[in-house]
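Take a look at the model below. We will walk through its chains, the contact, and one residue in detail.

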Amino acid sequence: MRRILFVLVPALTLAFVLLLNGNIQISSNPLPPFGKFLNPFKGVWQSNLHKETQEMNLQMKGLTAPVKILYDDRRVAHIFAGNLEDALFAQGFVQAQNRLFQMDFVAKAAAGELSSVLGDKTLEIDREKRRRGMKYAAENAVKGWEQFPEFRKYMDAYITGVNAYIHSLGEGDYPLEYKLLDYAPESWDALKSALIFKYMSLTLAGRNDDIRYTNLYNLLGKESFDFLYPETEEIENPVIPDLSFLQGADIDIPHQSDSAYYTQSIQNAFYDSRPSGVGSNSWGVGGLKTASGKPIFCNDPHLSLGLPSIWFEIHLHTPQFNAYGVSIPGMPGIMIGFNEFIAWGETNVGQDVEDLFVIEWADDKRSAYMLDGKAQEVQYRIETHKIKGGKDLTDTVRYTHWGPVYHSSRDGKHDLAMRWLVHDVPDTPEFMVFVQGMQCKNYEEYLEVTSNFIAPAQNFGFASVDGDIALRVNGRFPAKSPNDGRFVEYGNVSANGWQKFIPRAQIPQILNPSSGYIASANQRSAPKDYPYYYTGKFEHFRNKTINGKLTAAQDVTTEDMKVMQTDAYSSKAADIVPFILSSVDKTSLTGLHAEIYEAFQKWDYQYRSYEAAPTYFELFFRRLQEKVWDEITPFQKDYDIVLPKPWRLIALMKKDPENIYFDIKNTEAKESAPDIVRLAFEDLVSAIRDLKEKNQALEWGKYRPLDIHHLIRLPALSELGLPADGCPDVINATGLSFGPSWRMIVNLEEKVSAYAVYPGGQSGNPFSPYYKNMIPTWLKGEYFPVRFVHNAEDVQPHSTQIIHLTPQK
Amino acid sequence: MKTLLYPVLLIVIIFLLQLFLPWWILAVICFAAAYLYKPGFWLSFASAFIAGFTVWFIKSWLSDSDGHVAMLTGNILGGLSPISVLLLTGFTGALTGGLSGLSGQMINELTINKKLL
């Protein structure tokens, strides 16, 4: 007995130690290994803040001259370097110092490697990224970048800076998340930067409705489909209002026949859907419309809001240039910002650069497929998933002429391959666009260096101290004829694919328009008579508000722009609410009916967090859509489809209120638009009554609060339930967990000044006071004046940490 | 004297070695000390328990002067109070130390004290 005990106790002790060290896991959703995690010498207790306050003197290999880094009172990094390479080295260093886990995590998310640190719960998310060829795309990007050794050294300087920080870390210095998830940071490399770049492309140029439109076309027939899903509105404000840029251009569009489109509906196809509503606003007001007589430039990209934030604010100064703005952790350069001469920013274009092709297999094993009458071998790419706490899993992805076979059907009859621009080996040093862009002094230079940009296509907005304002749709676009790429196409004919790209000079652009302003808000880029086919996901309401305001604007000041950037006026609500007011007979209303009616009557269509009218409107509109589109919604059970766009519904209500679609199929009566509005209003009142009974708060900010999640979605590290103004249809485009991720206003007077804010903080360390300190200011619609200085001494009085980097001999 | 000196010595050694070595060195130290010094079952456990607790509790408490780490870690772990997080840390060190010390004593008896075999 004693002997057994003497063996058992040491054995259990050993098991206990192994458990606390993370070698044994007892659940699939593991807690951090408590021994390592709570170790007071290297674990969570060492994740404190001395590294954000201490003055540091560090010797670094890879630097050519000393660099001084000053963090200001918002922990914005001000970098003073002797040349561009050293500045980029320091940029890598400070991004890693503040956002290492984020950089690592986003690169893993892009590569489909989250399961290696989070376990099998993220396996399906990972598999989608592998099938989509995200890592393949990043590998191709690095391959392309190798072709430009004269530029590659800048990327290398950045990477060396990131690694200089990583290699300076001891176990105790690892960011909190590494300790929670029990892994160690790895060295940075170009592939990881490329993955982050490709992740942006996935967010902004990795969406299409090809399957949905194919299904609708086949289920509804051509006539109904064309009626319900037209691609252009009657009145539009395209990003580029006229076609003067096309003067004298030689236009050659490869024609595609209708027989290219797949004629069957695709049932329950796997297709990931990302939140809609991601987008951006940007505008520049020319000197004729500003009080100062000099341009003002504004940009607010609407992206997923997370902690840490997608953006890292930075100031880079060398004897050659002085630039300020936001960078993406993991990438060199400044994406949105300004220098002493110019300001620049972007909004997403949304043109479809991802087409799907049905594969005709040549054999049962799916090892070859038919193309132009011949069998072609597929290339196999073996994807090995490392799963934390589990066995490795391998997945084989087949690559074809088009790209990876993204969707596999059970019977192989409609396996879909993806032709995605983002996979292509870049033939330009595209990563240099934001490194060179931040050094430009005028539009000519800016136009030249940004021509290297490929994807995700952006509307590049520009304004300068010289007085120029300009806007260019920038990126690479396949030249298409009407409907090409709108539907899934047959993949057995190579001519069904892209034949050529639109020449850069023929992509919409404008300099100093007569309107006195430039503006983009993800609406269609080109006017209707643009000869190349334009399709994709475009915005229909925000742009009208913006253009309306800018057309009327005079003597614009920074303060006006602050008010405008946080405006929550919904032109969609302004279009629809009058129908409610005119269709519902007010005199007969009592109680809750009257209360809701009056709320609509008083509403100025601003989505304010403390008002209930926006909630009423959202609930009403959902019911209106369900009632009008009762001919289409039944298909949703079996097929992936999309309802006609809200603007289409509004146009029908205005122009054709007796249209057959307003008739509800399963009633005897023949309904018209006002009848439907009355019925939807009745449903709204019942819904509100139910919500009130459940004590659900109806103020917009409480009904639809905004959540800013930490990357691994731990509530303790997130900021949840924020009462935010706005919705995706308004300038202040907030959604459930996305919204204006950076608001910037730049005054291009002789001495350039700017105001900015983003909903997060500069530090990625949840223990830091700079982790989410800017959220309250952002939520209130207020701004920080940025410290855009010309020498280190000017920022020194406001500095919270100074780091001196000197070259190691 | 041994009763008093033994845990103090453990505290000093644990503290010094933990500055450089992984957390589980705590287990190795307590095991080895008990194996070599044979302080007896009660003392092997209790001394190492007290030493592990003392080092882990005090070091974590000193590392977190404003209590911020304890507060947020408590939230991450599902709503523990800051003092609970400190105590959890202390007892993690204590149990690791105590069980390792006891194991050292037992293995010693098992291998050296032939009477048991």
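Chain B holds 5 helices and 0 strands. Read from the N terminus, its elements run α-α-α-α-α. This is a predicted model, and every value here is computed from it. The C-alpha trace of chain B spans about 55 × 25 × 25 Å along its principal axes. Chain B has 117 residues, and 48% of them are buried. Its accessible surface is about 5700 Å². Carbon and sulfur atoms account for 78% of that surface. Now take the contacts in chain B between residues at least 6 apart in sequence: 80% of them join residues at least 24 apart.

Turn to chain A. Its secondary structure comprises 24 helices and 29 strands. The radius of gyration of chain A is 28 Å, and the globule rule gives 28 Å for 809 residues, so chain A is as compact as a globular protein of that length. Along the principal axes, its C-alpha trace spans about 85 × 80 × 65 Å. Buried residues make up 61% of the 809. The accessible surface of chain A is about 30600 Å², with 51% on carbon and sulfur atoms. For contacts in chain A between residues at least 6 apart in sequence, 72% link residues at least 24 apart.

Charge comes next. Chain A carries 82 positive and 100 negative side chains. The centres of these two sets lie 6 Å apart.

Together the two chains bury about 3200 Å² between them. Of this area, 79% is on carbon and sulfur atoms. Three residues stand out on the chain A side: A:F6, A:F41 and A:W45. They supply 25% of the area that chain A buries against chain B, more than any other three residues.

Finally, pick out A:Y490. This residue lies in strand β20 of chain A, which covers residues 489–490. Why does A:Y490 count as partly exposed? Its relative accessible area is 25%, and the partly exposed class runs between the buried limit, under 20%, and the exposed limit, over 50%. Leaving aside neighbours within four places in sequence, A:Y490 is in contact with A:S259, A:A260, A:Y261, A:Y262 and A:T263, and also with A:F357, A:V358 and A:N496. A:I731 is 241 residues away along the chain from A:Y490, and the C-alpha atoms of the two are separated by 40 Å.

Conventions. Residues are numbered from 1 along each chain as its sequence is written. Chains are lettered from A and ligands numbered from 1 in the order in which they are written. This is a predicted model: local features need pLDDT of at least 70, side-chain atom pairs count only at pLDDT 80 or more; totals for chains, interfaces and linings use all residues. Side-chain values use heavy atoms; hydrogens and water are left out. Helices (H or I, at least four residues) and strands (E, at least two) are DSSP runs, numbered from the N terminus. The radius of gyration is taken over C-alpha atoms; the globule rule is 2.2 Å times the number of residues to the power 0.38. Buried means under 20% relative accessible area, exposed over 50%, partly exposed in between (1.4 Å probe, protein chains only). Contact means heavy atoms within 4.5 Å. Accessible areas come from the Shrake-Rupley method with a 1.4 Å probe; for residues, only the protein chains shown count as cover. Lys and Arg count as positive and Asp and Glu as negative; His and the chain ends are not counted. The place of a charge is taken as NZ of Lys, CZ of Arg, CG of Asp or CD of Glu. Buried area is the accessible area (1.4 Å probe) that two parts lose on being put together, summed over both.
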